Amino acid sequence: MTRAHSGNLLFSDAPMGAPEHKGDCPIRDVLALVGQKWTLLILIALEAEPRRFSALQRVVGDISKRMLTQTLRDLERDGLISRAVFPTKPPSVEYDLTDLGRSALAPIAALKDWANDNHPSIRAARSRFDAA
């Protein structure tokens with residue numbers, strides 16, 4: 001079996017074989033987070049300003065409260081967003097991008113531009129494939 005087929009990533013700078021644990025592979029670890037359906041939409045929604053939970057849910061759209069809660073926890077755990085609780089009655093919670101989260105906006109913008117530029121071609125390819 002070749003290195004490419006043994007689970008190694010072609011983009012890895014690691015001098016030895018595949019990481020012992022999948023979590024040790026930077027590209028797998030990061031893609032596991034940003035590859036989730038809602039992650040990029042939430043990061044984009046927080047680009048302009050911090051937002052409360054309900055405002056995020058309105059901006060993102062058709063995300064359930066449960067999924068929004070889980071995705072926000074994952075993003076906070078990974079250091080991409082911060083969560084601030086304000087001592088009001090009832091307590092209000094606001095989410096904001098951290099410096100790390102803000103640093104992800106440039107590659108996200110590049111992906112967003114690519115998607116906008118290529119979406120018609122992708123839809124056309126799907127139509128051709130589905131017709132065959």
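The legends below describe close-up views of a predicted model.

**View 1. Helix H3 crosses helix H4 in the predicted model.** H3 covers residues 53-60 and H4 covers residues 65-77. Their axes come within 11 Å and cross at roughly 110°. Angles of 65 to 115 degrees count as roughly perpendicular, so H3 is roughly perpendicular to H4. On the H3 side, the contact is made by Phe53, Leu56 and Gln57. H4 contributes Lys65, Leu68, Thr69 and Leu72. By residue class, the contact of H3 with H4 consists of four nonpolar, two polar and one charged.

View 2. A polar atom of the Gln57 side chain lies 3.2 Å from the backbone oxygen of Ile63. Apart from neighbours within four places in sequence, Gln57 is in contact with Ile63, Ser64, Lys65 and Leu68. Lys65 and Leu68 belong to the H4 side of the contact between H3 and H4.

**View 3. Strands S2 and S3 form a hairpin.** S2 spans residues 81-86 and runs antiparallel to S3, with six bridges joining the two strands. Five residues lie between them in the hairpin. Val85 has Val93 of S3 as its bridge partner.

**View 4. Strand S1 pairs with strand S3.** S1 consists of residues 51-52, and S3 of residues 92-97. The pairing is antiparallel and extends over two bridges. Arg51 has Tyr95 in S3 as its bridge partner. S3 is also joined to S2, by six bridges.

Key. Residues numbered from 1 in each chain as written. Predicted model: local features only at pLDDT ≥ 70, side-chain atom pairs only at ≥ 80, totals over all residues. Heavy atoms only, no water. Axes fitted to C-alpha atoms, helices over the stretch in contact; angles between N-to-C directions. Helix = DSSP H or I, 4+ residues; strand = E, 2+ residues; numbered from the N terminus. Parallel < 35°, antiparallel > 145°, perpendicular 65-115°, else oblique. Contact = heavy atoms within 4.5 Å. Nonpolar A, V, L, I, M, F, W, Y, C, P; charged D, E, K, R; others polar. Pairing = 2+ DSSP bridges. Polar contact = N/O pair within 3.5 Å; in protein donor to acceptor, adjacent residues only side chain to side chain.
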